[in-house]
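Have the sequence and the 3D view ready.

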Amino acid sequence: MTGGAVVAAGAAGTLAVGGVAAAGAVAVGGLTGTGVADLLAGGCLLAGAVLSLAAGIGVLRLPSTVDRIHAVTKPQVLGMLLILLGLTLRLRNPADLGMLLLVGLFQLATAPVTAQMIGRAAYRSNGVDRELLDTDELA
């Protein structure tokens with residue numbers, strides 16, 4: 001069942017404001033609730049992909065290990081979380097949402113530890129220019 005152009009209430013519980021809505025759905029400006037969620041999901045997926053691409057470019061282009069750690073941790077984790085948010089908005093299945101939540105939590109838990117371990121290994125193998133450090137807590 002479809003709604004009218006301004007406001008129309010159909011016999012099967014349809015409500016549409018300025019657009020077309022399916023039975024049982026509410027539409028504002030031509031978009032239903034699922035349409036808005038799909039639009040937000042697409043925006044999150046695109047932003048996450050751009051941040052992940054920026055992280056990959058940073059790993060390739062930045063000169064030192066410490067700089068690369070920055071590129072690997074911050075934009076990559078934020079990009080991953082945006083991709084997971086986009087998938088959450090798109091899938092809408094409780095089983096999938098639980099799995100996506102676990103992936104996000106493990107990503108948040110492991111990225112700082114990994115960065116710390118890589119930084120420490122780089123420091124111990126003289127891969128860090130010590131004159132650039134403000135304080136040398138490992139000396």
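Which helix does Leu84 lie in? Leu84 lies in helix H2.

## Before we dig in

This is a predicted model: local features need pLDDT of at least 70, side-chain atom pairs count only at pLDDT 80 or more, and totals for chains, interfaces and linings use all residues. Residues are numbered from 1 along each chain as its sequence is written, and side-chain values use heavy atoms, with hydrogens and water left out.

Helices (H or I, at least four residues) and strands (E, at least two) are DSSP runs, numbered from the N terminus.

## Around Leu84

Leu84 counts as buried because its relative accessibility is 8%; buried means under 20% relative accessible area, with a 1.4 Å probe and protein chains only. Leaving out residues up to four places away in sequence, Leu84 touches Leu100, Val103 and Gly104 (contact means heavy atoms within 4.5 Å).

## Helix H1

H1 covers residues 33–61, so 29 residues, and reaches 42 Å from first C-alpha to last, close to the 42 Å expected (1.5 Å times one less than its number of residues). Its buried residues include Gly35, Cys44 and Gly58. The buried residues of H1 pack against strand E4 (31–32) and helix H2 (65–91).

## What the record says

An unreviewed UniProt entry lists residues 39–60 and 97–115 as "transmembrane region"; positions follow the numbering used here, feature names are shortened, and annotations may be inferred rather than shown by experiment. In the model, residues 39–60 are 100% helix and 0% strand.

Terms used: Buried < 20%, exposed > 50% of the residue type's maximum accessible area, 1.4 Å probe, protein only.
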